[in-house]
Amino acid sequence: MPTILGQNQYGKAENRVVKITRDGATHHIKDLNVSVALSGDMDEVHYSGSNANVLPTDTTKNTVYAFAKEHGIESAEQFGIHLARHFVTSQEPIHRARIRIEEYAWERIEASDATSQFIGADEVKHSFVRKGQEVRLTQITYDGEKWEVVSGLKDLVVMNSTNSEFWGYVKDKYTTLKEAYDRILATEVSGRWRFNWTDDEQRMPHWEKSYEQVRKHMLQAFAETYSLSLQQTLYQMGSRIINHRSEIDEVRFSLPNKHHFLVDLEPFGLKNDNEVYYAADRPYGLIEATILRDGCEARIPEDLTNL
């Protein structure tokens, strides 16, 4: 039976690049994991093995490192835009480039005494510790005319130790969960947000400021929502972002409920007054939803593992 070639792409995945910017004695770090995927006029390489239209994946790797030097890394988004534009405009057979970037944040180590004879100010300015809070993400897609920028984060663990309830739910013969009127609410946030910047005629967002503000509004919404369900909290987090950041039209969250169960201490003659919990890692409830600006269409994939 005849076969035809469907969607295809190729590139070099997970290029780790660390860029040090030296501002005198003060250094700045950008630590990225960059994956390049290219598609276009690639039928022949699949049908006959002809590499006439193929830019080697090793070349895409080299481009990542060269661009880190030539353009610097102002932000993950800006760096991805430079790469995507280059691949589409410099190679005629390439019609579409998708750049995925993970960014690992570092913060400066504070010295015990910057004026001491052993630890001086110069040492403080180039010593860092890896932040363990979250991994910043972005995906840039370019087809020569239109841009799509979807940024986000993962592995951000948050907790409210009170101001959360869960009751009034459906019960059947298999229900054993007791209603809770004061519980711990904890989750590991995986979120993506889509920018409405799509072409070079528009004013480009300030990528670094946007990320900082989105993260701030998301965390404030989590902290300030008296939660009757994780779904309610999720919606408030997304709504706060949409309402405060005009450059964003769509937000999608995947929130695993990191359950904390009260430990039964009665066998030991002790009363557990919402003080001692067992933190269960699995199984877990998984709450997912998209929040949109009114009038906009959803484009972020429902399964964030595909983004």
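The following points describe a predicted model of one chain, from its overall layout to individual residues.

1. **Overall layout.** The chain has 307 residues, of which 42% are buried. Its secondary structure consists of six helices and 10 strands. The C-alpha trace spans about 75 × 75 × 35 Å along its principal axes. Among contacts between residues at least 6 apart in sequence, 66% join residues at least 24 apart.

2. **Domains.** The domain assignment divides the chain into domain 1 (9-113 + 120-145) and domain 2 (152-306). A distance of 29 Å separates the C-alpha centres of domain 1 and domain 2.

3. **The interface between the domains.** Contact involves 16 residues of domain 1 and 17 residues of domain 2. About 1400 Å² is buried between domain 1 and domain 2, and carbon and sulfur atoms give 45% of this area. On the side of domain 1, the residues that lose the most area to domain 2 are Glu134, Arg136 and Leu137, which together account for 38% of what that side buries.

4. Five salt bridges cross between domain 1 and domain 2, and eight residue pairs are in polar contact between domain 1 and domain 2. On the side of domain 1 that touches domain 2, helix 3 (76-90), strand 3 (94-108) and strand 4 (128-142) each supply at least two residues. The residues of that side comprise nine charged, three polar and four nonpolar.

5. **A salt-bridge network.** The whole structure contains 18 salt bridges. Lys30, Glu77, Glu103, Arg136 and Glu208 belong to a network of such bridges. One of the pairs is Lys30 with Glu208, whose closest N and O atoms are 3.0 Å apart. Arg136 is also one of the residues of domain 1 that lose the most area to domain 2.

6. **Arg85 and Asp200.** The side chains of Arg85 and Asp200 form a salt bridge with an N to O distance of 3.0 Å. Arg85 belongs to helix 3 and Asp200 to the loop between strand 6 and helix 5 (207-224), so the pair ties together parts that are 115 residues apart in sequence. Arg85 is partly exposed at 29% relative accessible area, and Asp200 is partly exposed at 40%.

7. Where do the side chains of Arg194 and Glu250 lie in the chain? Arg194 is in strand 6 and Glu250 in strand 7 (residues 248-257), 56 residues apart. Their salt bridge has an N to O distance of 2.7 Å. Buried means under 20% relative accessible area; Arg194, at 5%, therefore counts as buried, and so does Glu250, at 0%. Arg245 and Glu247 form a further salt bridge, with the closest N and O atoms 3.0 Å apart, and both Arg245 and Glu247 are buried.

8. **Backbone features in loops.** The peptide bond from Arg282 to Pro283 is cis, with omega near -5°. Pro283 is placed in the loop between strand 9 (277-279) and strand 10 (285-292). Asn163, although not a glycine, has a positive phi of about 60°; Asn163 is in the loop between strand 5 (147-160) and strand 6 (185-195). Asn274, also not a glycine, has a positive phi of about 55° and is found in the loop between strand 8 (260-262) and strand 9. Asn163 is partly exposed at 40% relative accessibility, and Asn274 is partly exposed at 31%.

Conventions:
Residues numbered from 1 in each chain as written. Predicted model: local features only at pLDDT ≥ 70, side-chain atom pairs only at ≥ 80, totals over all residues. Heavy atoms only, no water. Domains from an automatic or database assignment. Contact = heavy atoms within 4.5 Å. Buried area = accessible area lost by both parts, 1.4 Å probe. Salt bridge = Lys/Arg side-chain N within 4 Å of Asp/Glu carboxyl O. Polar contact = N/O pair within 3.5 Å; in protein donor to acceptor, adjacent residues only side chain to side chain. Helix = DSSP H or I, 4+ residues; strand = E, 2+ residues; numbered from the N terminus. Nonpolar A, V, L, I, M, F, W, Y, C, P; charged D, E, K, R; others polar. Buried < 20%, exposed > 50% of the residue type's maximum accessible area, 1.4 Å probe, protein only.
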